[in-house]
Amino acid sequence: FSRSTLDDKECIDDNAPVFFDEFHLSPLKIHISFSPEVAVDSSQAAVGKDVLALHLKSFGLGLVTINDAVLKLAYYDAAGQLCTMTQLQDRVVKHYLFQTLSQLYAVVLGLDILGNPYGLAQDIRAGTRDLFYEPYVGIVQGPREFAEGVVIGVNSFLRHSVGGVVGAASKITRTLGKGLAKLTFDEDYQRQRARRMAHKPGHIGEGLARGGKSFLMGLYHGVTGVVMKPVEGAQQDGVEGFFKGVGRGLVGAVTRPLGGINDMITYTIDGIHHHTQIDEKVLVLRHPRYIQPDKILRPYNTNQSEGKYLLCQIARTTHWDDMYYHHCLLNRKSAFVLTDVRCIMSVYDDVMNSWKVDWSHVYADIE
């Protein structure tokens, strides 16, 4: 600034002209993620006159999910200009507004229900670039480097193209599954499913096994819910709760089996997708730190961190909320865990690639 320095404490009048020898704002890169939630009265969902409207609203909002859409806004530069602060602000706002509006397609095409076609195009573009660029770099250095460049380029192209297509399919099925889960109007089921789906399979075999289990569980809960939901409703709210339970049971009889089929497809696709992303796998060097209930940050303890991690793996399928006390690894595939509520014998399932409960006993039941 020629009129004032940054250390000047006097305020500049917004309408006073200021000469800018150089004014520069760096480029911006904005990551956008959006997942809407709708609060639905379960009683209205079960017996109200607007059942269809509530279902469509809940399902529709569940589909409008954006995960890491990227907006790249160009820099703003003004040199040798004389203008007021108000004029400068207007120019900057118009610049970034135009940049944002010109890239709204990246947000629309970033919807998960569409498979994020913008991200897919970016993946294919990166793979195609490596397919030609890596051999080009290698041929300059020699025949061996050229052969290595061809291998790297082909591998990158296949990983980005196949992985991109499979990843797009995974986004579509996951979004549909989330919408179907909302249609059940069962918050416990939605939380359990979200926790279960957060753990992606590590290989195709695990994806098939977990997918088959999800299908069978969806079918089982859909059929039994027709009987159990009215009973649970009657126990909680009497006659009114009974009719609410009938509505939830009938809805679940359709949505839960469909959700199970969708989750089976999702797990299978995720298992395939994992093999296309092996080169990008992050190696975990240690388990997350275990922070005790008093919230005091202590030095890292390998044994406690391992035990807490083991309990979290077990709780993923049992949905317990126990507090870790102690554990003992009996061998590579079995462990004994003590919590504040129960003792647990856990074994590792190679097919499901996870720990499961062999048996457990609550302390209050032990004489």
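Reader: At what angle do helix α5 and helix α6 pack, and how far apart are their axes?
Author: Helix α5 (residues 117–141) and helix α6 (residues 143–183) pack at about 175°, and their axes are 7 Å apart. Axes here are lines fitted to C-alpha atoms, for helices over the stretch in contact, and angles run from 0 to 180 degrees between N-to-C directions. Before we go on: this is a predicted model, where local features need pLDDT of at least 70 and side-chain atom pairs count only at pLDDT 80 or more, while totals for chains, interfaces and linings use all residues. Residues are numbered from 1 along each chain as its sequence is written, and side-chain values use heavy atoms, with hydrogens and water left out.

Reader: Why is α5 called roughly antiparallel to α6?
Author: Angles over 145 degrees count as roughly antiparallel (under 35 is roughly parallel, 65 to 115 roughly perpendicular, and the rest oblique). The angle is about 175°, so α5 is roughly antiparallel to α6. As for what meets there, the contact of α5 with α6 has 12 nonpolar, 10 polar and four charged residues. Nonpolar covers Ala, Val, Leu, Ile, Met, Phe, Trp, Tyr, Cys and Pro; Asp, Glu, Lys and Arg are charged; the others, Gly among them, are polar.

Reader: Which residues form a nonpolar patch on the surface?
Author: Tyr133, Tyr136, Ile139, Val140, Phe146, Val150, Val154, Leu158 and Val162 do, with about 820 Å² of accessible area together. Helices α5 and α6 each supply at least two residues of the patch, and α6 gives the most, with five.

Reader: How do you know that Leu158 is partly exposed?
Author: Buried means under 20% relative accessible area, exposed means over 50%, and partly exposed is in between (1.4 Å probe, protein chains only). Leu158, which lies in helix α6, has 45%, so Leu158 is partly exposed.

Reader: What makes Arg298 and Asp294 a salt bridge?
Author: The rule asks for a side-chain nitrogen of Lys or Arg within 4 Å of a carboxyl oxygen of Asp or Glu. The closest N and O atoms of Arg298 and Asp294 are 2.7 Å apart, so the pair passes. Arg298 is partly exposed at 33%, and Asp294 is partly exposed at 39%.

Reader: How many salt bridges does a search of the whole structure find?
Author: The search finds 10. One of them joins the side chains of Arg129 and Asp130, at 3.3 Å from N to O. Asp130 has a relative accessible area of 14%, so Asp130 is buried. There is also a network of salt bridges linking Arg193, Arg196 and Asp263.

Reader: How far apart are the closest N and O atoms of Asp322 and Arg342?
Author: They are 2.6 Å apart, in another salt bridge. The pair links distant parts of the chain, 20 residues apart: Asp322 is in the loop between α9 (302–318) and β5 (324–331), and Arg342 is in strand β7 (residues 342–349). Both Asp322 and Arg342 are buried. The element names come from DSSP runs, numbered from the N terminus (helices are H or I with at least four residues, strands are E with at least two).

Reader: What is phi of Asn116 near, and what makes it stand out?
Author: Phi of Asn116 is near 50°, a positive value in a residue other than glycine. Most residues other than glycine have a negative phi. Asn116 lies in the loop between α4 and α5. At 11% relative accessibility, Asn116 counts as buried.

Reader: Is Lys295 buried or exposed?
Author: Lys295 has a relative accessible area of 66%, so Lys295 is exposed. Lys295 sits in the loop between α8 (204–276) and α9, and has a positive phi of about 65° although it is not a glycine.

Reader: What makes Leu71 buried?
Author: The relative accessible area of Leu71 is 5%, so Leu71 is buried. Leu71 is in strand β3. Leu71 and Thr100 are 29 residues apart in sequence and 7.2 Å apart in space, C-alpha to C-alpha.

Reader: How do you know that Val64 counts as partly exposed?
Author: Val64 has 36% relative accessibility, so Val64 counts as partly exposed. Val64 lies in the loop between α2 (51–63) and β3 (66–73).

Definitions and conventions: Patch = residues over 30% accessible without salt bridge, like charges linked within 9 Å, V, L, I, M, F, W, Y side chains within 5 Å. Areas by Shrake-Rupley, 256 points an atom, 1.4 Å probe, with all protein chains shown as cover.
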